[in-house]
Amino acid sequence: MCVTADCCVSTSETAAELETDRQRPMEEREKDRGIMGPEQGDPGKGREQPASMSTPNSVMAKEEKGMEEREMKKEMELEMELKAEVKVELCPTVPGLQMSFIRGTDLFGYVGIEAVLDQMRRKTIKAGLEFNIMVVGQSGLGKSTLVNTLFKSKVSRKSCTPNYEEKISKTVKLHSVSHVIEEKGVKMKLTVIDTPGFGDQINNDNCWEPIVKHVNEQYEKYLREELHINRKRRIPDSRVHCCIYFLPATGHRLRPIDVEFMKRLGKIVSIVPVIAKADTLTIEERQEFKEQIRQDLAANGIRVYPQKEYDEDPEERILNDRIRESIPFAVVGTDKEHQVNGNKVLGRKTKWGIIEVENVAHCEFANLRDLLIRSHLQDLKDVTHDIHYETYRVRRLNESNMNYSELGLSTWPLENKCESDSHL
């Protein structure tokens, strides 16, 4: 009986203490639990207390603690948002002028600046592209075949001229043929300039002068159109954007005519040297020949595309370094297809097998195609306009000291070259 009475008394006392504790203010209860906690009181008292007696206080404490943590988290998130909104960098570019740079994370929402790329694409597709390529080399190196292979169509002078008979020219004459090529809605006006008679004579002194004259004539023609008082909204671009120079696969060093041509033309146009009919060399002979050519180019100060000084950023420099390591490209051209493992491939058939033109293990035609069309076509046009044409423009205006009235009234007589247009 005594034990039961004692239990009843202790239970009633505990209930009275709980009721009193509920009536106390929250600050005092938190103070008693947090600051004057069990670690500062009797440690044994907390362990001897039954679980049923400590449950109400612990539940309420957890709920209040969770509410406080959620409120603190919301305040921290609000502060971070405010900091992000006022995060603006000021970069002084001009003395007395400050320019702010706002990143995408600092914007309040979507603006739509990236849509400009779609606008530029639509405008370019509507207007079309212009690309002018010149092929230079002696007869029999496969210039026309390579151009046809590059664009997978009959675009060379020989292919589009009916009843064409190749004759060795006594002098270097330039012939241009233009085509409009359309692929997936994109139109490009391609002009191929051929140079028959180059390097075919016994005496080849100054055989590069007609080519230099033609390149400068196109710069002059563009300059006069640009400086007219009432000039066209879009000036026709006949400037040479790229010159492919064909080297015979002799296995020896550069010939004097090769050195003189590239030394003179490299200053006014982008030159890409290639080793023609590279299948006549073994892999070892080809690699040794390429190394000798690179040494001759460096020794004679010949600048070929892409030049190191025109690299704009590290990524572009890495890509161009790989291209410079492959120059000159050892290429093979053909327009005939053959069956290889059930697939049709462009190749040259020999008694040892089929040389696949687009197989990098066989030749470097694919690298040349990627450079000219897929990765650097626009860069070739930019270098022509920003470097070569600007150099000619500054020199021409300084030399002649021409005024606008003379330019507006004068006409520029150009040689009537063999030109034909087609639509592919």
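Are R239 and D237 buried or exposed? Both residues are buried, where buried means under 20% relative accessible area, exposed means over 50%, and partly exposed lies in between (1.4 Å probe, protein chains only). The points below take up this pair again, together with other features of the model.

1. Basis of the note. The structure is a predicted model, in which local features need pLDDT of at least 70 and side-chain atom pairs count only at pLDDT 80 or more, whereas totals for chains, interfaces and linings use all residues. Residues are numbered from 1 along each chain as its sequence is written, and side-chain values use heavy atoms, with hydrogens and water left out.

2. The pair R239 and D237. These two buried residues form a salt bridge, with the closest N and O atoms 2.8 Å apart. The term salt bridge denotes a side-chain nitrogen of Lys or Arg within 4 Å of a carboxyl oxygen of Asp or Glu. By this rule the model holds 20 salt bridges.

3. Strand β9. Helices (H or I, at least four residues) and strands (E, at least two) are DSSP runs, numbered from the N terminus. Strand β9 covers residues 337-340, and its side chains alternate.

4. Two strands pair if DSSP finds at least two bridges between them. Strand β10 (residues 343-350) runs antiparallel to β9, and four bridges join them. Within this pairing, E337 stands opposite L346 in β10. The two strands form a hairpin with two residues between them. N341, in the loop between β9 and β10, has a positive phi of about 55° although it is not a glycine. With a relative accessible area of 76%, N341 is exposed.

5. The hairpin of β4 and β5. Strand β4 (residues 175-183) pairs with strand β5 (residues 186-194) in the antiparallel sense over nine bridges. E183 stands opposite V186 in β5. Here too, two residues lie between the strands of the hairpin, and K184 in the turn has a positive phi of about 55°.

6. Backbone angles to check. Most residues other than glycine have a negative phi, and most peptide bonds are trans. A cis peptide bond, with omega about 0°, joins Y305 and P306; P306 is placed in the loop between α10 (283-299) and α11 (314-326). The peptide bond from I327 to P328 is also cis, with omega near 0°, and P328 lies in the loop between α11 and β8 (329-330). K152, a residue other than glycine, has a positive phi near 50°. The loop between α6 (143-151) and α7 (157-160) holds K152, which counts as exposed at 51% relative accessibility.

7. Helix α5. This helix (residues 115-127) has 13 residues and reaches 19 Å from its first C-alpha to its last, close to the 18 Å expected at 1.5 Å a residue. The expected span is 1.5 Å times one less than the number of residues. After α5 comes G128, whose phi is positive, near 85°.

8. Which residues does Q292 contact, leaving aside its neighbours within four places in sequence? Q292 is in contact (heavy atoms within 4.5 Å) with G251, H252 and R253. The residue lies in helix α10 and is buried, with a relative accessible area of 18%. R294 and E291 are separated by about one helical turn because they are three residues apart in the helix. An α-helix has 3.6 residues a turn, so residues three or four places apart point the same way. E291 counts as partly exposed, at 36% relative accessibility.

9. E358 and R369. A salt bridge joins the side chains of E358 and R369 (3.1 Å, N to O). E358 lies in the loop between β11 (353-356) and α12 (365-375) and R369 in helix α12, so the pair ties together parts that are eleven residues apart in sequence. E358 counts as partly exposed at 33% relative accessibility, whereas R369 is buried, with a relative accessible area of 11%. Salt bridges that share partners join K152, E358, R369, D370 and R374 into one network.
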